[in-house]
Structures are given as C-alpha cells and as structure tokens.
Amino acid sequence: MKKVFLLIVVAVAFAACEKSFEQPARDELLLKGAKKKASSCVTLKEGTLVYADGHYLEGQPITTGYDIYGYNYQAHMFKGSYFNAYAGRPGTALPPFKGDDDAYLAEFPEAANHWAWPNRNDTVKMKWNDVWLANTDCDGNGELDRHAGFDSYIGSEAWLTNHISGVTVTEDGSECSWNYFTKIIAVPEDAVLDGDIWYSADGTEIGPEIWGQFATVQEVSNDPCAGDHGIAYKSSDHSGLSGW
C-alpha cells in the first residue's frame, strides 16, 4: 500500500509540473526516485540479515539458498521435514532432524516432547508471497519484512500454501500414502468474522478462520485409509490466491 501511495503522490506532483518538464525528463526523475527507494532496502545478498535471537542459527547470515532446515527465504519456499519447519525456532532451538531417531534423541532428548516430533517423517512444501514474508528488510529493523506497507496482514493479499505428505501405518501393518494441500489467504479489510468463519462484505463465505487474520480457502485431502479423495473444502467466494 505504501508503494502504491508513493507512486500516486509522485504522479500527482509531476502532473502539476507537466508544462515544465519534457516526458523523458519526468521519466528519468521517476526512475531515480524508484532506485532511491529500492536502495533503502537490505537484501539477503548483502549478507547482513541474520537469524533471530534464540534461533538455533542465531546471528548467522540468512543465505539466498536453502538453509539446513529446508527454508529458502530468497525464493519464498520451504521443503523438508515437518519437524524441521519448526525445530530451529526461538523457544526450541534444535538442529535439523536428519532421519535417525535414536541418534537424534540420544543427543537431543527434549525433541521427543516437541509437538511436531510425531510428524518428523512427513514432508512439507510451503510457498508464500512477498507480503507474507519478504526477502528484504525495508523498514530497517534487521528482520525480513512481514505485511510490508500494511499495519497488519488484513487487506494485504498475503498468501501461503502448504503441501504435506506422508505414510500412515495401520493396525494390521499395511501402509497408506497420503497427502494434504491447503491455501491460506489474508482476509480483505471489509471481511467479517462470524464465529470461526470469515465472510466477505456481501455475506459470501470466504473460509474458516486461522491465526486470527487469515482464512483457509481450499483444502485437498487424499488418504485412502481415511476415505479422503480430493477437495475437502473450497471457498464459496473463490479459492484463488489473488483478488482478495
């Protein structure tokens, strides 16, 4: 929103001076202004943005590629163990799990009490847009920007997708491969929360509330053991990630 506002202000200012500047001169000034704004942002390539205090990698630079957990903040992606998606965070600060239960628990027994440990062998693929979590720091707080240009996620058009897969072993010893996919969006400014469901201004159901400022707009579940095959939920408004 800030970016749009600044562009509008610049456009109005130059429109007022239309008779004083030839088009090439105006375009050059606009380009310089855009470059100046961009230069105020710190990128991951500069190597000065680091993992937060309390993180297992505290103080180390966030790289532009995949880190040891499976996060690629430059590309807005995560791919790895469900447990590893949360293991390194402040309050936990555990190294990534690499597949050997006995060896890992022998060195880090506290991992057994982590809520995500039971899902350590499940694979997660996450994708998000720049408004959800940017790969730059433009506000100068030393952290990757969240809902940049907005006071909160509401109205920001931030989105996240999760694709989780794994194998369930039934009581008779047979295995069921399953997968689950979901789309989550930041609700629009005029959305109304009624109970645990978000609705658009005209009363159309957006989706179930999650994390306060977000709604689930689509769920796909395939699990032969549970009898799940295909769409489990689809927003009555629309299930796309944009246009909110």
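Which residues lie nearest the centre of the largest pocket? They are Tyr-71, Tyr-73, Arg-89, Leu-133 and Arg-146, and the lining as a whole comprises 42 residues. This is a predicted model, in which local features need pLDDT of at least 70 and side-chain atom pairs count only at pLDDT 80 or more, while totals for chains, interfaces and linings use all residues. Residues are numbered from 1 along each chain as its sequence is written, and side-chain values use heavy atoms, with hydrogens and water left out.

The largest pocket holds about 1,000 Å³ of space. A pocket here is an open set of points on a 1 Å grid over the protein atoms alone, where a 1.4 Å probe fits and protein lies on both sides within 12 Å along at least five of seven lines; lining residues have an atom within 4 Å of a point. The volume is the space filled by probe spheres set on the points, which are joined across faces, edges and corners. Helix 3 (84-87), strand 4 (123-128), strand 6, strand 7 and strand 11 each give two or more residues to this lining. The largest share, four residues, comes from helix 3. Helices (H or I, at least four residues) and strands (E, at least two) are DSSP runs, numbered from the N terminus. By class, the lining has 26 nonpolar, eight polar and eight charged residues. In this scheme Ala, Val, Leu, Ile, Met, Phe, Trp, Tyr, Cys and Pro are nonpolar, Asp, Glu, Lys and Arg are charged, and the others, Gly among them, are polar.

The structure also holds 18 aromatic pairs. Rings of Phe, Tyr and Trp (its six-membered ring) pair if their centres lie within 6.5 Å; planes under 30 degrees apart count as stacked, over 60 as edge-to-face and the rest as tilted. One of the pairs joins Tyr-71 and Phe-78 in a tilted arrangement, at 4.5 Å centre to centre and 55 degrees between the planes. Both Tyr-71 and Phe-78 are buried, where buried means under 20% relative accessible area, exposed over 50% and partly exposed in between (1.4 Å probe, protein chains only). Another pair, Trp-132 with Trp-211, is edge-to-face, at 6.1 Å centre to centre and 70 degrees between the planes. Trp-132 lies in the loop between strand 4 and strand 5 and Trp-211 in the loop between strand 10 (205-210) and strand 11, so the pair ties together parts that are 79 residues apart in sequence. Trp-132 is buried at 11% relative accessibility, whereas Trp-211 is exposed at 52%. Phe-83, Phe-97, Tyr-104, Phe-108 and Trp-117 form one aromatic cluster.

A search of the whole structure finds two disulfides, a disulfide being a pair of cysteine sulfur atoms within 2.5 Å. In one, the sulfur atoms of Cys-41 and Cys-138 are 2.0 Å apart. Cys-41 lies in the loop between helix 2 (23-39) and strand 1 (42-43) and Cys-138 in the loop between strand 5 (136-137) and strand 6 (159-169), so this pair ties together parts that are 97 residues apart in sequence. Cys-41 is buried at 14% relative accessibility, and Cys-138 is partly exposed at 37%. In the other disulfide, the sulfur atoms of Cys-176 and Cys-225 are 1.6 Å apart. The torsion about their S-S bond is about 75 degrees, so this disulfide is right-handed.
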